[in-house]
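Student: I would like to go through this model step by step, from the whole chain to single residues. May we begin?

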Amino acid sequence: MLFRSGVPQKIVDDFFAAMRQFFEKPDGFKMDYRRDKWPIMRGYEPLLWQQLDEGTPRDLKESFYIATEHAPDHPGVVGKWPNHGANPWPADLPGFREKVEAYFYPMLDLGRRLMRLIALSLELPRDYFDEAFATPAANLRMLRYPPHPDDAEPNQLGAGAHTDFEIGRAHV
């Protein structure tokens, strides 16, 4: 049986087109949105910025982070909780925000649906995880892996060995 996300293909295509539109911009443009300039660590990470596998060369990828947004009066923003606030949307990139959000929020809903399937597979009530995902601190990391250069260092990869984590309750 083929699993379908429920997200129309046009939304997926528009999202990938928006990603290409951002990553094709000159470095100077992208650096205006650099992640370390943003108070809650969202935004752009340039090529060779990250080193996921300690002791190896820096990763051959660039990325742009967004996450669930919170209004300025949200308790997490007022209290300066980690990862609570607004995203650094490029104002001079028409349609970027709309296309990214049109993809991000349905994917967030897909994650909630998958958690319900996981609950059922564990013979738990279907809504067992619902409260933990009512207001998740979810993020979306858009990645671009350029062609691997002929002069790359030994063991230099697009993304070094790592483990992803963070399924759980966010601050509300």
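Student: What share of the contacts in the protein chain with a separation of 6 or more comes from residues 24 or more positions apart?

Tutor: This is a predicted model, in which local features need pLDDT of at least 70 and side-chain atom pairs count only at pLDDT 80 or more, while totals for chains, interfaces and linings use all residues. Residues are numbered from 1 along each chain as its sequence is written, and side-chain values use heavy atoms, with hydrogens and water left out. A contact means heavy atoms within 4.5 Å. Among contacts with a separation of 6 or more in the protein chain, the share from residues 24 or more positions apart is 62%.

Student: In what order do the elements of the protein chain run from the N terminus on?

Tutor: Helices (H or I, at least four residues) and strands (E, at least two) are DSSP runs, numbered from the N terminus. The protein chain has 4 helices and 3 strands. From the N terminus on, their order is α-α-β-β-α-α-β.

Student: Which residues of H1 are buried, and why do they lie on the same side of H1?

Tutor: The buried residues are Val12, Phe15, Ala18, Met19, Phe22 and Phe23. They lie on the same side of H1 because they cover an arc of only 130° around the axis, taken from the directions from the helix axis to the C-beta atoms. In general, an α-helix has 3.6 residues a turn, so residues three or four places apart point the same way. On the other side of H1, the exposed residues are Gln9 and Lys10.

Student: What covers the buried residues of H1?

Tutor: The cover includes two helices, H2 (27-31) and H4 (96-121). It also includes the strands S1 (43-45), S2 (62-67) and S3 (139-144).

Student: Which residues of H4 are buried, and what covers them?

Tutor: H4 has 26 residues and reaches 37 Å from its first C-alpha to its last, close to the 38 Å expected. Its buried residues are Phe96, Val100, Tyr103, Phe104, Leu108, Leu110, Met115 and Ala119. What covers them includes H1, S2 and S3.

Student: What is the geometry of the aromatic pair of Phe15 and Phe16?

Tutor: Rings of Phe, Tyr and Trp (its six-membered ring) pair if their centres lie within 6.5 Å; planes under 30 degrees apart count as stacked, over 60 as edge-to-face and the rest as tilted. The structure holds 12 aromatic pairs. Phe15 and Phe16 have their centres 5.3 Å apart and their planes at 75°, and the pair is edge-to-face.

Student: Is Phe15 buried or exposed?

Tutor: Phe16, the partner of Phe15 in the aromatic pair, is partly exposed at 38% relative accessibility. Phe15 has a relative accessible area of 3%, so Phe15 is buried.

Student: Which residue has its charged end over the ring of Phe29?

Tutor: A charge sits over a ring if NZ of Lys or CZ of Arg is within 6 Å of the ring centre and within 35 degrees of the ring normal. Phe29 belongs to an aromatic cluster that includes Tyr33 and Trp89, and both Phe29 and Tyr33 are buried. The charged end over the ring of Phe29, 5.3 Å from its centre, is that of Lys25.

Student: Where is His70, and which residues is it in contact with?

Tutor: His70 is in the loop between S2 and helix H3 (75-78). At 16% relative accessibility, His70 counts as buried. Leaving aside neighbours within four places in sequence, His70 is in contact with Arg42, Val77, Asn83, His84, Gly85 and Ala86.

Student: What is the phi of Glu123?

Tutor: Most residues other than glycine have a negative phi. Glu123 is in the loop between H4 and S3 and is exposed at 75% relative accessibility. Its phi is positive, near 60°.

Methods: Buried means under 20% relative accessible area, exposed over 50%, partly exposed in between (1.4 Å probe, protein chains only). The expected span of a helix is 1.5 Å times one less than its number of residues.
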